[in-house]
Each structure stands twice: as C-alpha cells, then as structure tokens.
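Open the model in your viewer and keep the selection panel at hand. This tour goes from one selection to the next and says what is there.

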Amino acid sequence: HNFFVSDLLFFTHPSTVVPTLHYTTLLTMAAKAPKSVQTFGRKKTAVAVAYVKAGKGLLKVNSTPLELVQPEILRAKLFEPVQLLGRARFAELDIRVRVNGGGRTAQVYAIRQAIAKGVVAYYQKFVDEASKKEVKDVLLAYDRTLLVADPRRMEPKKFGGRGARARFQKSYR
C-alpha cells in the first residue's frame, strides 16, 4: 500500500458530500462574530483571564459583580482601571474575568491587570490606534504593573535554613 500523507488527509468516501463555503458566506460569518478579545493578567501564581466584548458595561469576576469582590480593602485596586479611564469607556464593554491560583491579593492584582490589558487590546482591535495609545499612556503613567506583569517569583527553600536565603543560627559551643 503506497499511501501518501496527502491521500490520508483528504481521503473521503465517494458517497460523502463535502460542503464548500462561499467567500460571501465567510464574510457574513465574520461580520456576525462578536467583537471580543481575550487577555490575561498574572501576579505570582494567580492567573486572571478577561473576556472583553462589546456590551452594556458589565464587569464580573468569576460571575460575581466587581463591587462584591473580597477582600473589601483591595476592592479599590480593582476599580483603578475604571477610575483612570472613566466609566464612559467601560459603558459599551462587557468584561468577564476568570481567576484562579495564588492568594487573595495576588488574584486582585491579576484581575486588574487582565482588565487593563483587555481594554487596551479591545481598543487596538476594534477602535483606533490613537485612542488605544491614549488609554495605554494613561494606564502606564499611573502604574506600570497594570499592563506589564511582575516577573518576581518565590525562590525555593533550601536545606540548612528556614527559607531560601536565611540560615539556621550557628553556635560555636
């Protein structure tokens, strides 16, 4: 049996009908596709994925409104991107964030980064480059970690001490 890979990939039974899509059909399918972008934010081991799409100002984290996210003290951190860019920019966007891993604080920082990066990506893809640059400049001027991930990670503990660098006390008698 002398088969070629191309024969295996496109082998169909003679009785099967393979539908072909016309160019106009593909264009209308692309037009119907929702305007959405997917971005992520990271802090330590916490990862937040934000889905930003055209909508009516919805902001949810793990299907909970942003206003009810715990801990309450860090809630102000979550609203930083919204306050910096103004509610008007978020009025026509729906943002849904999934977050897992890390602790409470790391999750909050990951969420705010995902939201900020999501808005920038949405503006780049569906609005114009000038307004995207404006949004990006406002966010970067306030806090770089809103768009750039913090690369610091926990160093593994070593033997002979209680941490990565700290050693047990040494005594000579």
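A charge sits over a ring if NZ of Lys or CZ of Arg is within 6 Å of the ring centre and within 35 degrees of the ring normal. Keep that in mind for two of the stops below. The model is predicted.

Start with the whole chain, coloured by secondary structure. The protein has seven helices and five strands. Followed from the N terminus, the elements come in the order α-α-β-β-β-β-α-α-α-β-α-α. Of its 173 residues, 30% count as buried. The accessible surface is about 12400 Å², and carbon and sulfur atoms hold 60% of that area. For contacts between residues at least 6 apart in sequence, 68% link residues at least 24 apart.

Next, select Phe40 and Lys117. The charged end of Lys117 is found over the ring of Phe40, 4.2 Å from the ring centre.

Then select Lys43 and Tyr109. Here Lys43 lies over the face of Tyr109, and the distance to the ring centre is 5.8 Å.

Now select helix α6, residues 104-126. Tyr122 and Phe126 both belong to this helix, four residues apart, which is about one turn. How many aromatic pairs does the structure hold? It holds one. Tyr122 and Phe126 form that pair, with 5.1 Å centre to centre and 55 degrees between the planes, and the pair is tilted.

Is Tyr122 buried or exposed? Tyr122 has 7% relative accessibility, so it counts as buried. Phe126 has a relative accessible area of 26% and is therefore partly exposed.

Methods:
Residues are numbered from 1 along each chain as its sequence is written. This is a predicted model: local features need pLDDT of at least 70, side-chain atom pairs count only at pLDDT 80 or more; totals for chains, interfaces and linings use all residues. Side-chain values use heavy atoms; hydrogens and water are left out. Rings of Phe, Tyr and Trp (its six-membered ring) pair if their centres lie within 6.5 Å; planes under 30 degrees apart count as stacked, over 60 as edge-to-face and the rest as tilted. Helices (H or I, at least four residues) and strands (E, at least two) are DSSP runs, numbered from the N terminus. Buried means under 20% relative accessible area, exposed over 50%, partly exposed in between (1.4 Å probe, protein chains only). Contact means heavy atoms within 4.5 Å. Accessible areas come from the Shrake-Rupley method with a 1.4 Å probe; for residues, only the protein chains shown count as cover.
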